[in-house]
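Dear colleague,

Please read the notes with the structure open beside them.

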Amino acid sequence: MEIRQEIKQYKPWNDQERRDREVILACLMACPDIFFRTSLTMHMTASAWTVNRNRDKVLMIYHNIYDSWSWMGGHADGEEDLLAVAIKEVREESGVTWVRPVSEDIFSLEVLTVDGHEKGGEYVPGHLHLNATYLLEAHEDEPLTVKPDENSGAAWFGLEEAIKASSEPWFRQRVYGKLNQKLKHVIAK
């Protein structure tokens, strides 16, 4: 299914997702280059909440720019298959090779603010990431590596420990806590 249609049909989990879905849909209509970083004010991204087979651990990386343990993800860079973007980013950022979607459906939607920062010696102005999150599974016994230009660690955390490992209060409350609640709902099915 085409990503715009998938986002339109997505059933929000809470008010944050409902409101963010409205923003994402409006931006998709208004910004023709939204899948590229040439759109300086906003662009599409994909993230992954990557769990083990038992669904009791989450794979996270230590993000260099945010100086925090974080989920994995990245820019669409012209790709409109955001699930493929999420899978690619998990492989690149953690070194795992076996990763698959628990479901091919969007797991969560977020509009994320990104402060201005330096990357590769160049200033990147503040902007929005219009983000689709996917629930992925990986083998926790695979060796983990880092992607030095983006992170300085990769590790598995228990579900609650993953939230505590983040030093970003908004992410702990609004994103990671929500993703764990949704995961528990998926497990209960």
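**Charged side chains**

Glu 79, Asp 81, Glu 104 and Asp 105 gather on the surface in a patch of negative charge, where a patch joins like charges within 9 Å among residues that have over 30% relative accessible area and no salt bridge. The model is predicted, with local features needing pLDDT of at least 70 and side-chain atom pairs counting only at pLDDT 80 or more, while totals for chains, interfaces and linings use all residues. Residues are numbered from 1 along each chain as its sequence is written, and side-chain values use heavy atoms, without hydrogens or water.

Asp 105 has a relative accessible area of 52% and is exposed (exposed is over 50%, buried under 20%, partly exposed in between, with a 1.4 Å probe and protein chains only).

The structure holds 17 salt bridges, each being a side-chain nitrogen of Lys or Arg within 4 Å of a carboxyl oxygen of Asp or Glu. In one of them, Glu 80 meets Arg 4 at 2.9 Å, N to O; because Glu 80 lies in the loop between strand 4 (72-75) and helix 3 (82-94) and Arg 4 in helix 1 (residues 3-9), the pair ties together parts that are 76 residues apart in sequence. Glu 80 is partly exposed at 37% relative accessibility, and Arg 4 is partly exposed at 27%.

Lys 182 and Glu 17 form another salt bridge, with their closest N and O atoms 3.1 Å apart, and both residues are buried.

Best regards

Conventions: Patches are made of residues with over 30% relative accessible area and no salt bridge: like charges are joined within 9 Å, nonpolar side chains (Val, Leu, Ile, Met, Phe, Trp, Tyr) within 5 Å. Accessible areas come from the Shrake-Rupley method with a 1.4 Å probe; for residues, only the protein chains shown count as cover. Lys and Arg count as positive and Asp and Glu as negative; His and the chain ends are not counted. The place of a charge is taken as NZ of Lys, CZ of Arg, CG of Asp or CD of Glu. Helices (H or I, at least four residues) and strands (E, at least two) are DSSP runs, numbered from the N terminus.
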